[in-house]
Protein chains: 2
Amino acid sequence: MDINAVNALSYEDFLEIFGNVVEKCPIIPAAVWIHRPFTSLADIEAHISDFIDSLPESGKEGILRCHPDLAGRELQSGALTRDSQEEQRAAGFTDLQPSEVSRMRSLNSEYKERFGFPFVICARLNTKRDIMRELLQCLGNDPAAERARAIGEVKKICALRMRNLQLSNSPNKL
Amino acid sequence: MDINAVNALSYEDFLEIFGNVVEKCPIIPAAVWIHRPFTSLADIEAHISDFIDSLPESGKEGILRCHPDLAGRELQSGALTRDSQEEQRAAGFTDLQPSEVSRMRSLNSEYKERFGFPFVICARLNTKRDIMRELLQCLGNDPAAERARAIGEVKKICALRMRNLQLSNSPNKL
């Protein structure tokens, strides 16, 4: 499926494929569908980025709150989206020692208490060790700067999910 | 659970309860959670309404595209959210004659072809007969007026979902 095929999709089929490129926010690909014809997958990503930037700050925080904790209760209970499950596995969070689980729980709680949203980072681009270090460091950030950093990570996650869609299809698909 | 109890909820527990008051758009309650303390459920609804109004037009259309067709393939296949399933049942769409299913399919297709989003109406406030009449009439609307009408229906659906949450708990809850 090349970009012409993407451009020919109904919004329903478009959402079937791109609905979770931003975690639990199908409204975002549903909004950018209107910008067809897209010139490339990168063009879709750019429209998603612009749409996120157009949201009020509360909406950006809303996106962050739709994300699960890293190594949190949804990972333990198997309630993650497939995308998140694979990302957390890639970073090593499905294979933690009990002491590491406990450490992550504690850091996540402290972070959420401080910022009112979960710590979001592109898990595919980091190891669990990097992530724990970064989380600790971010606890000292100013809230507005931290929100901006986290939204930057949402966009990285989106870009990798889109590439993953591409890879999970045959070379002629997407 | 009175409004003080709602105000004491973590964003995670708030989303557990209010996450689908706008169909498949948890970003919306996740965004308005920041406005605690709420004075009442009506105050939460007002913040949701304001948030929706603050979205770019593409975002409002994005909300509409997160809604299923009435009497569509998701109803037939059992893939609706529980909220939508109950609403479509209330309007009589779970008990259609084959000729009515076929008529709805045809009207839905014509509508989506014209507007690029599905026909949205508060099913709990209408019978299937009213809805089919309204759908037919709306096909003649100007696209901007039709988007505005549909967003008004999203807000009515949200209000009834919130009251339903209230009813589905004990008198001391919500």
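Let me start with one residue, Ile44(B). Setting aside residues up to four places away in sequence, Ile44(B) touches Ile3(B), Val6(B), Phe14(B), Phe18(B), Val32(B), Phe38(B) and Met162(B). Contact here means heavy atoms within 4.5 Å.

Some ground rules. This is a predicted model, where local features need pLDDT of at least 70, side-chain atom pairs count only at pLDDT 80 or more, and totals for chains, interfaces and linings use all residues. Residues are numbered from 1 along each chain as its sequence is written, chains are lettered from A and ligands numbered from 1 in the order in which they are written, and side-chain values use heavy atoms, with hydrogens and water left out.

Back to Ile44(B). In the largest nonpolar core, which has 111 residues, Ile44(A), Ile48(A), Ile44(B) and Ile48(B) touch the most other members. The largest share of this core, eight residues, comes from helix H10 (residues 143-167) of chain A. A nonpolar core is a set of buried Ala, Val, Leu, Ile, Met, Phe, Trp, Tyr and Cys residues joined through side-chain atoms within 4.5 Å. Buried means under 20% relative accessible area, exposed over 50%, and partly exposed in between, with a 1.4 Å probe and protein chains only. Helices are DSSP runs of H or I, at least four residues, and strands are runs of E, at least two, numbered from the N terminus. As a general point, nonpolar side chains in soluble globular proteins tend to be buried together.

Now Ile48(A), which sits in helix H4 (residues 41-54) of chain A. Ile48(A) counts as buried because its relative accessibility is 2%. Beyond four places in sequence, Ile48(A) touches Val21(A), Val22(A), Ile28(A), Val32(A), Cys158(A) and Met162(A).

Next, Ile63(A) in helix H5 (residues 57-65) of chain A. Its relative accessible area is 0%, so Ile63(A) is buried. Leaving aside neighbours within four places, the contacts of Ile63(A) include Val22(A), Cys25(A), Val154(A) and, from chain B, Ile27(B).

Glu61(B) lies in helix H5 (residues 57-65) of chain B. Is Glu61(B) buried or exposed? Buried, with a relative accessible area of 9%. Glu61(B) touches Ile34(A), Phe117(B) and Arg147(B), again not counting residues up to four places away.

How do the two chains relate? Chain A can be laid on chain B with an RMSD of 0.0 Å by a turn of 180° and a shift of 0.0 Å along the axis. That is the relation of a two-fold axis. The superposition is by least squares on the C-alpha atoms of residues with pLDDT of at least 70 in both copies. Of the interface residues of chain A, 100% are also interface residues in chain B, so the copies meet through the same surface.

Last, helix H9 (residues 128-138) of chain A, where Ile131(A), Met132(A), Leu135(A) and Cys138(A) are buried. Seen down the axis of H9(A), the buried residues fall within an arc of 130°, so they line one face of the helix. The arc is that of the directions from the helix axis to the C-beta atoms. Arg129(A) and Gln137(A), on the other side of H9(A), are exposed.

That is where I will stop.
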